[in-house]
Amino acid sequence: MLFGQKLHPLNFEYGRQIAVRKGAIEVAGRSFQARITCAEITPHCTRLRFENSHVADSRNYSDAVVEPLRAGRAVAPQRGSPTFSTAACTIEVGAARLKIRLASGATLETTEDGFGFNGEKAIFCFQTATATGYYGFGERTKRFNKSGDSLDFYNVDVGAVFPHTFQRDDYDPAYVAIPLAIVRAGGHCFGLFMDNPERLIFDVGQIAPGQLLCQSLGGNNDLYLLDGPTLRDVVRHFTTLTGRAEVPPLWSLGHHQCRWGYKTAAEFRALKENFRQCDIPVSALWYDIDYMDEYRVFTWDRVDMPDPRKLNEELRRAGIRSVAIVDPGVKLDPSYAIYESGRKADVFCKTASGRDYVGRVWPGDSVFPDFPTPAARDWWAGHLATFIAESGLDGAWLDMNDPATGWSCPEDMCFEGGTAPHAKYHNQYGHFMARASRQALEQLDPHARPFLLTRGGCTGTQRYSAIWTGDNASNWEHLRMSIPCTINLGLSGVAFNGPDVGGFFGHTDEELITRWYQAGFLFPFLRNHSTNHTKEQEPWNFGPQCLARIRDAVVTRYRLLPYLANCFFAHHLTGDPILRPLLYEFDDAAFENLDDQFMVGASILVAPILECSAVCKSIFVDGVKRQQRYITLPEGWWFDLLAGEWVAGGRTLLYSACLDEVPLFIRDGSILPYFPGKFQNSAMKLTRIELHTFLKERSAQLDYYIDDRETRRYLTGEYNTATIRAEIVGPEVALHLAETGPLPPGTVKFAPVLYGGASATASLTQQGRRVTRQLAPATRRWVGTDVAVRA
Ligand code: MIG
């Protein structure tokens, strides 16, 4: 089946007989029999399992669901009736029909001929005439709301499979398949997750308006129903089911610099020096494929890179970490030790003919680790661990694992020693590579926070790795599209993700890169990356003014790292993504399509300029050109950081910003942890934190998580929570701080900083002691502006 094609519902047979038997409901047509079972997974999540008689191999190949939730509690049909009932929902099953009522009140029904089979293939047609929003779906181009769209779940190396599509912003699929549909109908959200690692297609009202068609090309289907009623509820339940990212190392939340083409140690030393001279913080430098000896994985070109360990130690002393790319393709070369060790251990993917599968990638003819098997993972983890340790690296970058096989047909690649067909693991190849790589890092140091970045992935990959959104292009459409893409990935469980800032393919320019940094400076992952043979894209290549603007954005990110790190900590606890659509925070139909502005955490609204000044409406104020855009502010008060004043929400404003500025608004009732101190790149001690307090009418509360910032001990409860409450009491702003948890309290010193003329006096009550302070006028730097505060 080609891309853009799907299964026609009229080619399926729909059941005509139904029976309740042995804890299951059985439906049958002339051509098939199917067994439907139900399990309660959590109070908010129910699984319906469809086993079709045509699927000879009924094993579940998916690694999506976290281990402890795989079994669930079996739920038998209600006595004599074809109905399942769980805490989350009631499901009436017909021979070809489903009627689902969720506990929160939403209902979901299929059409009359609502589910059926065609050999191994299955189709589900849900009636969603009242639905107004569809979200999630993993990694996608185009807009936030997928209503009217069609989504293919089959990981591809976009640039190779769709040449030139990087010039467009509507290709599909991409590199990460997560078959989650979050549906918003009548103001209620619920989630449908079709757990089947094979290729799936969801048609969201494109071929049949008012219907959601879920199609699978093979294998059995586990349909998970996730209750709402809000978008937040669904995402929390989905990340309970499929896992969350652990808290990343602080350095990985900083600014990253990468480029395909960096080759020599001298270039890396020059980069370090340039960042220092330009005074732009950079937390990590990245080695793309040219560091290798003829693209042999786990090697260095010893001419260009004579002593990588020494180089990495040098970088580290300057606060700069290092990450190297590793591709799954192992050069087929009997004189290459890694190849030989893999061949001897017999850990490469095989074809149906029993030979090691050969693809054609950077090293030429290459073989591929059979990552779904523990033996291949162990083999890979051993080599990767040795490579990282010997090279003094801080993390690994996993590319080409969609899997990309060049001109060699990927479907010939089978798994588990050639016994599992390609389709069972295609979408999971990157995921299992990430799992194996994660094993390597844990092997090196089980207590350290690992960092991995992968291109290919599927449901649950966030448990092992961050994801970047692949090969985009240096144009305004791709900048625009990066917002909904990162948001929908976050709603699909992958909170830690981001695009190549500045764009990968093509030449960026001064204005585009400025706006991209301004839009992206608070994205969960911030890395400048570009392909070879394009205009050099490091921040200093666009003149001194542009450099100053980029510096402003990047430094503001570092000031806000406590806020970002706290969002990541909260994500680990709750599943809430870092980058959020407004709909996540404000459950209102008005925000169903809004995707050119977003929330970072619950407090910061970013509304970047996303159009080139040549086409964007502009005005001149005091001789300065300012770009205009509309900004929608939800009900309540917002602190406009550029204007330095409170503005009323519940309306859409026509706003303008010059090239120095990005429109930023802080929600009334916010406390933002801000780092005022000195730092050198990633070297930063978060021991002194300012509490930037924004109060107009509401009071505020912040749960600030404190741990050692380095290890994974927080996983066993070794962290404190500083709960800070702030309110206006008469003439002063009163802050109350209570630190609880097993660690010694008081390792972080807090100081209030007030915005918006709230008061000149602040009191901070801590361990029962109240200290009242007169605050003096001061300023704090945000992108494009010094904001007047009291501190
Ligand atoms: O065939 O390693 O998406 O980020 O720079 C291209 C070279 C292989 C694709 C990745 C890109 C990376 C490039 N890689």
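1. How many nonpolar, polar and charged residues are in the lining of the largest pocket? Sorted by class, there are 17 nonpolar, six polar and eleven charged ones. Keep in mind as you look around that this is a predicted model.

2. Staying with that pocket: the space inside comes to about 950 Å³. Its lining is made up of 34 residues, and those closest to the centre are Pro249, Arg321, Arg709, Glu710 and Thr711.

3. Next, have a look at the open sheet of five strands. Reading across, the order is β43-β44-β45-β47-β48, and the pairing is mixed. The edges are β43 (700-706) and β48 (769-774); each has a single partner strand, so one side of each has no neighbour in the sheet. On average, neighbouring strands here are turned by 20° against each other, direction ignored.

4. Inside this sheet, β44 (residues 720-729) and β45 (residues 732-740) make an antiparallel pair with nine bridges. As a handy landmark, find Thr723, which sits opposite Ala738 of β45. Strands of a sheet pair through backbone hydrogen bonds, in either a parallel or an antiparallel way.

5. Last stop, helix α5 (residues 337-345). Which of its residues are buried? They are Ile338, Tyr339, Glu340 and Gly342. Among the elements covering these buried residues are β22 (330-331), β24 (364-367) and α6 (374-391). Just after α5 comes Asp346, with a positive phi of about 60°.

Note on methods:
Residues are numbered from 1 along each chain as its sequence is written. This is a predicted model: local features need pLDDT of at least 70, side-chain atom pairs count only at pLDDT 80 or more; totals for chains, interfaces and linings use all residues. Side-chain values use heavy atoms; hydrogens and water are left out. On a 1 Å grid over the protein atoms alone, a cavity is a set of points where a 1.4 Å probe fits but cannot get out, and a pocket is an open set with protein on both sides within 12 Å along at least five of seven lines; lining residues have an atom within 4 Å of a point. Grid points are joined across faces, edges and corners, and a volume is the space filled by probe spheres set on the points. Ala, Val, Leu, Ile, Met, Phe, Trp, Tyr, Cys and Pro count as nonpolar, Asp, Glu, Lys and Arg as charged, and the others, Gly among them, as polar. Two strands pair if DSSP finds at least two bridges between them. Helices (H or I, at least four residues) and strands (E, at least two) are DSSP runs, numbered from the N terminus. Axes are lines fitted to C-alpha atoms, for helices over the stretch in contact, and angles run from 0 to 180 degrees between N-to-C directions. Buried means under 20% relative accessible area, exposed over 50%, partly exposed in between (1.4 Å probe, protein chains only). Contact means heavy atoms within 4.5 Å.
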